[in-house]
Amino acid sequence: MRKVRVLVIGSGPSGLTAALYTARAQHSTVVITGNQLGGQISTTDEVENYPGFPDGITGPELVENMKNQAERFGAELIFDIVTEVDFSKGSPFYVKTDGGEEFSADSVIVTIGANPRELGIPGEKEQVGRGVSYCATCDGFFFRGKKIVVVGGGDSALQEALFLTKFATEVDVIHRRDELRASAILQDRAKAHPKINFIYSTVVDEIKSGDDGLVSHVVLRDVKTGNVYQHKTDGVFVFIGYDPNSKVFGDQLALNDEGYAIVDPLFRTNVEGIYAAGEIHDSIFRQAITAAGQGCSAALMAIKWLDDREDLLQPLDAVATPAGD
Ligand code: NAP
């Protein structure tokens, strides 16, 4: 069992910022990165709205910078996923990983983020990697010269639709209402783009494949008229929002009905010494900069909490054993 002062779960902008702050405050900090270092921003092609980069920066570059900055102050990144937690007896908290590591941490900062939501329709799961994708940056390249659909009407859908025009000949955005949710600036850009068409008030009922096993059609339903028809496409990119990655916490953290962590305005969860930042609790702002700011705030709270109980903390070289073992 490895003992650390601060364990950060997740490595998106909130996690890497939290780690930068706690490590710089001289608290030993380990980050369990999750499957994807950097989280969702690492799959974003161009980040234009992160302050300090007037010409924009790619998601992977931004992540690399954040990682290097946290490591410069001593944060250690471990490429692993958390499989089990025991927060039940208060600090120190116990965390196990898929790679078989066990940690005891005086404080935990949960920045585990959220995952793309699936449509849940026939053909979707089966065709992932054969024409169905949730990541334009990862898969857009495979659709050079092809015709694709993007499902969703929010910022993600339009931003990714615009990105996909670099590859595809035609991008049809399918939205379930007759009004987009996306911000005006993205709407203006997408509507002005010659390769982007909009299919409103329409849902995808099924994704079909051809003899080659690749996506060939989607079955669309006009929700106003009830008309059901087939629409030819080579790919389906789904951007319909995200679900928080909170399952691993079971009933050990207070979550709302949608599974988002409940925090107070100081980023404290219901467990003293555990903080949450970024998309694991924030379903509203969801920006790299807000996630980073929240990670900073959560870290400052954790630092204060650790400093206030300095006398109670065990030395880091002590072998920790879960209470009751
Ligand atoms: P979102 O804003 O929640 O939009 C999700 C879209 O998917 C909505 O249009 C929604 O339709 C649709 N949808 C949801 N469930 C569906 C289903 N089962 N079938 C069909 N359509 C479905 O999610 P998002 O676009 O991922 O954005 C999340 C947050 O990140 C937002 O706050 C956004 O501003 C932010 N963001 C910002 C940027 C940027 O600033 N450049 C880029 C990406 C994301 P309804 O509209 O009918 O609900």
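User: At what angle do helix α1 and helix α6 pack?

Analyst: Good place to start, and keep in mind that this is a predicted model. Two packed helices are described by the angle between their axes and the distance between the axes. Here α1 spans residues 13–24 and α6 spans residues 288–308, with their axes 7 Å apart. The angle at which they pack is about 35°.

User: Is the crossing of α1 and α6 left-handed or right-handed?

Analyst: Let's look at who takes part. On the α1 side the contact includes Pro13, Ala18 and Tyr21, and on the α6 side it includes Ala291, Gly295 and Leu300. The residues of this contact divide into ten nonpolar, four polar and no charged. As for its hand, the crossing of α1 and α6 is right-handed.

User: How do the residues of the contact of α4 with α5 divide into nonpolar, polar and charged?

Analyst: The axes of α4 (residues 155–164) and α5 (residues 184–192) come within 10 Å and cross at roughly 40°, and this crossing is left-handed. From α4, Asp155, Leu158, Gln159 and Leu162 meet Leu186, Gln187, Arg189 and Ala190 of α5. Sorted by type, they are four nonpolar, two polar and two charged.

User: Which element gives the most residues to the shell around the ligand?

Analyst: There are 20 residues around the ligand, and Asp155, Ser156, Gln159, Arg177 and Arg181 come nearest. By type, the shell divides into six nonpolar, nine polar and five charged. The element that gives the most, with three residues, is α4.

User: Where is the cis peptide bond that joins a residue to Pro92?

Analyst: Pro92 is found in the loop between β4 (82–86) and β5 (93–97). The cis bond has an omega of about 0°, and the residues it joins are Ser91 and Pro92.

User: What is the phi of Ser201?

Analyst: You can find Ser201 in the loop between β11 (196–199) and β12 (202–209). Its phi is positive although the residue is not glycine, with a value near 50°.

Definitions and conventions: Residues numbered from 1 in each chain as written. Predicted model: local features only at pLDDT ≥ 70, side-chain atom pairs only at ≥ 80, totals over all residues. Heavy atoms only, no water. Axes fitted to C-alpha atoms, helices over the stretch in contact; angles between N-to-C directions. Helix = DSSP H or I, 4+ residues; strand = E, 2+ residues; numbered from the N terminus. Left-handed = near helix turned anticlockwise from the far one by under 90°. Contact = heavy atoms within 4.5 Å. Nonpolar A, V, L, I, M, F, W, Y, C, P; charged D, E, K, R; others polar. Near = heavy atom within 4 Å.
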